[in-house]
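Hi,

Here is the structure I promised to pass on.

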Amino acid sequence: MTSKELAKIAYNALDDKKGVNISIIDISEISTIADYFIIAGGNNENQVKALADNVEEQLYKAECTPNHIEGYSNANWILMDFNDIIIHVFNEEDRLFYDLERIWRDGKQINITDL
């Protein structure tokens, strides 16, 4: 599968579990670490974990396994590295604090319809 197809699966998995303010940033032209960052928020620890669990399950069904996952135990910021796509699932407080959309503003914000 292409990184674009995997990003769409991840987005839909986050949307399915009511992820808050899901953002997709195409970083393929400014970085070699991945093609896409997908950033989403959750309202509480249980929702943040449910979002991450659903992403992992849906990408596993697409035969894509994570290279690395960190932050799951405290669920403030779960980072999921699937090589070409990196998913960040935050609680709202930490999302505002780290503000990845600002840090990666040189990337191209894209809409799910563009995938």
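Below is what I found, going from the overall fold to single residues.

Bear in mind that this is a predicted model. The chain has four helices and six strands, and along the sequence they run α-β-β-α-β-β-β-α-α-β. A compact globule of 115 residues would have a radius of gyration near 13 Å, and the chain agrees because its own value is 13 Å. Buried residues account for 45% of the 115. Of the contacts between residues at least 6 apart in sequence, 60% link residues at least 24 apart.

Now the inside. The largest nonpolar core counts 27 residues, and Leu14, Val55, Leu59, Ile85 and Ile87 have the most contacts within it. Two or more residues each come from helix 1 (3-16), strand 1 (20-26), strand 2 (36-42), helix 2 (45-61), strand 4 and strand 5. Helix 1 is the biggest contributor, giving six. Ile85 shows how such a residue is surrounded: setting aside neighbours within four places in sequence, Ile85 is in contact with Ser3, Leu6, Ala7, Ala10, Ala34, Tyr36, Leu59 and Met80. A separate core of eight residues includes Ile27, Phe37, Ile39 and Ile86.

His88 sits in strand 5 (residues 85-91) and counts as buried because its relative accessibility is 4%. The side chain of His88 makes a polar contact of 3.1 Å with that of Trp77. Beyond residues up to four places away in sequence, His88 touches Phe37, Ile38, Ile39, Ala40, Trp77, Ile78, Leu79 and Leu100.

The other is Asp81, in strand 4 (residues 77-81). What does a buried Asp81 do without a salt bridge? Its side chain reaches the backbone nitrogen of Asn83 at 2.7 Å. The nearest side chain of opposite charge, Arg95, is 18 Å away. Leaving out neighbours within four places in sequence, Asp81 contacts Pro66, Asn67, His68 and Ile86.

Arg95 has a partner elsewhere: Arg95 and Glu101 form a salt bridge, with the closest N and O atoms 2.5 Å apart. Both Arg95 and Glu101 are buried.

That pair belongs to a set of four salt bridges in the whole structure. Lys49 pairs with Glu45, with closest N and O atoms 3.4 Å apart, and Lys61 pairs with Glu57 at 3.5 Å, N to O. Lys49 and Glu45 are four residues apart in helix 2, so about one helical turn separates them; the spacing of Lys61 and Glu57 is likewise four residues, about one helical turn. Glu45 is partly exposed at 42% relative accessibility, and Glu57 is partly exposed at 41%, whereas Lys61 is exposed at 56%.

Apart from neighbours within four places in sequence, Tyr72 contacts Lys49, Ala52, Asp53 and Ile78. The C-alpha atoms of Tyr72 and Val48 are separated by 8.7 Å, although these residues are 24 apart along the chain. With a relative accessible area of 34%, Tyr72 is partly exposed.

Cheers

Key: Residues are numbered from 1 along each chain as its sequence is written. This is a predicted model: local features need pLDDT of at least 70, side-chain atom pairs count only at pLDDT 80 or more; totals for chains, interfaces and linings use all residues. Side-chain values use heavy atoms; hydrogens and water are left out. Buried means under 20% relative accessible area, exposed over 50%, partly exposed in between (1.4 Å probe, protein chains only). A polar contact is a pair of N or O atoms within 3.5 Å; within protein, one must be able to donate a hydrogen and the other to accept it, and residues adjacent in sequence count only if both atoms are side-chain atoms. Contact means heavy atoms within 4.5 Å. Lys and Arg count as positive and Asp and Glu as negative; His and the chain ends are not counted. A nonpolar core is a set of buried Ala, Val, Leu, Ile, Met, Phe, Trp, Tyr and Cys residues joined through side-chain atoms within 4.5 Å. The radius of gyration is taken over C-alpha atoms; the globule rule is 2.2 Å times the number of residues to the power 0.38.
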